[in-house]
Amino acid sequence: MCLGAKQTNLLGQIMQTLAEPHEEKEIREIMGDLVMQLLGAQYYASFVWQPGSLSFAQPIQINMDPMNLRAYESYYQFHDPITPMMQRYQVAVRATDVLPMEALQKTEFFNDFLNKDGLYWGVNLYAWHQGQNLGDMRIWRDKRRDNFTADELRLLDMLQPAFVTALARAQRSQTSESMTLNYLSQRLTSREQDTARLLCLLYTSDAADE
């Protein structure tokens, strides 16, 4: 694989971002912009799998109509012929790897959802950790461009371990913070809880001013 100077620089930015302490949503947002540049893509979406409801939620999008994403959440994800198959992969996978383009173009999902925003060539990467899908990246190009290449899939596969580690770390941090707050709320009176929240706000404000 031969990388240009721009791609090499972007890879460095991505790896640095994934090594930094970000919240889960921030990771997926920042990655979207950088990965679109890395792959020369035009559209991006990211969801988190909800095993309880067997659905995707917490959407992030770039260059896609938010209303269309809401339609995906409420309807099209349950009539999606490609994503359930792509989600099974532990590596980057193209839409055309699970369904030929000729067949995809005949579906309601393509004509009434993907085509509305101009999505044509797609590749997905899922962050699997200990049997749990922590989040994904869905990267798309329009029909004027070419499908994603094998080398571009390998680029995404190179990023996957750091992407998984960053999301797992963010999830552990969020869980730990939630458990701490829950424990404190059980130990403090209502007035003490209000005082603790005020101190947290003051500390956050001071930190932001520094």
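Mentor: This is a predicted model. Start with helix H2. H2 has 16 residues, and at 1.5 Å a residue they should span 22 Å. The end C-alpha atoms of H2 are 22 Å apart, which agrees.

Trainee: Which residues of H2 are buried?

Mentor: Glu24, Ile27, Arg28, Met31, Gly32, Leu34, Val35, Met36, Leu38 and Leu39. The label buried needs a relative accessible area under 20%.

Trainee: What follows H2?

Mentor: Gly40 follows H2, with a positive phi near 65°.

Trainee: How do helix H1 and H2 pack?

Mentor: H1 covers residues 5-19 and H2 covers residues 24-39. Their axes are 10 Å apart, at an angle of about 170°.

Trainee: Why are H1 and H2 called roughly antiparallel?

Mentor: Angles over 145 degrees count as roughly antiparallel. The angle here is about 170°. H1 and H2 are therefore roughly antiparallel to each other.

Trainee: Which residues of H1 and H2 meet?

Mentor: From H1, they are Gln7, Leu10, Leu11, Gln13, Ile14, Thr17 and Leu18. From H2, they are Ile27, Ile30, Met31, Leu34, Val35, Gln37 and Leu38. By type, the residues of this contact divide into 10 nonpolar, four polar and no charged.

Trainee: Which residues have the most contacts inside the largest nonpolar core?

Mentor: Val35, Ile82, Ile139 and Phe163. That core has 58 residues. Its largest share, 11 residues, comes from helix H8, residues 150-187.

Trainee: What does Phe163 touch beyond its neighbours within four places in sequence?

Mentor: Phe163 is in contact with Leu18, Ile27, Met31, Leu125, Ala127, Gly135, Asp136 and Met137.

Trainee: Let us take Gly135 from that list. What makes Gly135 count as buried?

Mentor: The cut-off for buried is under 20%. Gly135 has 0% relative accessibility, so Gly135 counts as buried. Gly135 sits in strand S5, residues 132-141. Beyond four places in sequence, Gly135 contacts Phe47, Val48, Leu125, Tyr126, Ala127, Phe163 and Leu167. Leu167 is 32 residues from Gly135 along the chain, yet their C-alpha atoms are separated by 7.6 Å.

Trainee: How do you know that Leu104 counts as buried?

Mentor: Set its value against the cut-off, under 20%. Leu104 has 0% relative accessibility, so Leu104 counts as buried. Leu104 is in helix H6, residues 101-104. Leaving out residues up to four places away, Leu104 touches Pro81, Ile82, Leu99, Phe109, Phe110 and Leu114. Pro81 and Leu104 are 23 residues apart in sequence and 7.9 Å apart, C-alpha to C-alpha.

Trainee: Why does Thr83 count as buried?

Mentor: Thr83 has 4% relative accessibility. The limit is under 20%. Thr83 therefore counts as buried. Thr83 lies in helix H4, residues 83-86. Beyond four places in sequence, Thr83 touches Phe56, Tyr72, Asn124, Tyr126 and Arg138.

Trainee: And Gln130, why is Gln130 called buried or exposed?

Mentor: Exposed means over 50%. Gln130 has a relative accessible area of 76%, so Gln130 is exposed. Gln130 is in the loop between strand S4 and S5.

Trainee: What is the phi of Gln130?

Mentor: Near 50°, a positive value in a residue other than glycine. Most residues other than glycine have a negative phi. Asn63 also has a positive phi, about 65°, although Asn63 is not a glycine. Asn63 is in the loop between strand S2 and helix H3.

Conventions. Residues numbered from 1 in each chain as written. Predicted model: local features only at pLDDT ≥ 70, side-chain atom pairs only at ≥ 80, totals over all residues. Heavy atoms only, no water. Axes fitted to C-alpha atoms, helices over the stretch in contact; angles between N-to-C directions. Helix = DSSP H or I, 4+ residues; strand = E, 2+ residues; numbered from the N terminus. Parallel < 35°, antiparallel > 145°, perpendicular 65-115°, else oblique. Contact = heavy atoms within 4.5 Å. Nonpolar A, V, L, I, M, F, W, Y, C, P; charged D, E, K, R; others polar. Core = buried A, V, L, I, M, F, W, Y, C linked by side-chain atoms within 4.5 Å. Buried < 20%, exposed > 50% of the residue type's maximum accessible area, 1.4 Å probe, protein only. Expected span 1.5 Å × (residues − 1).
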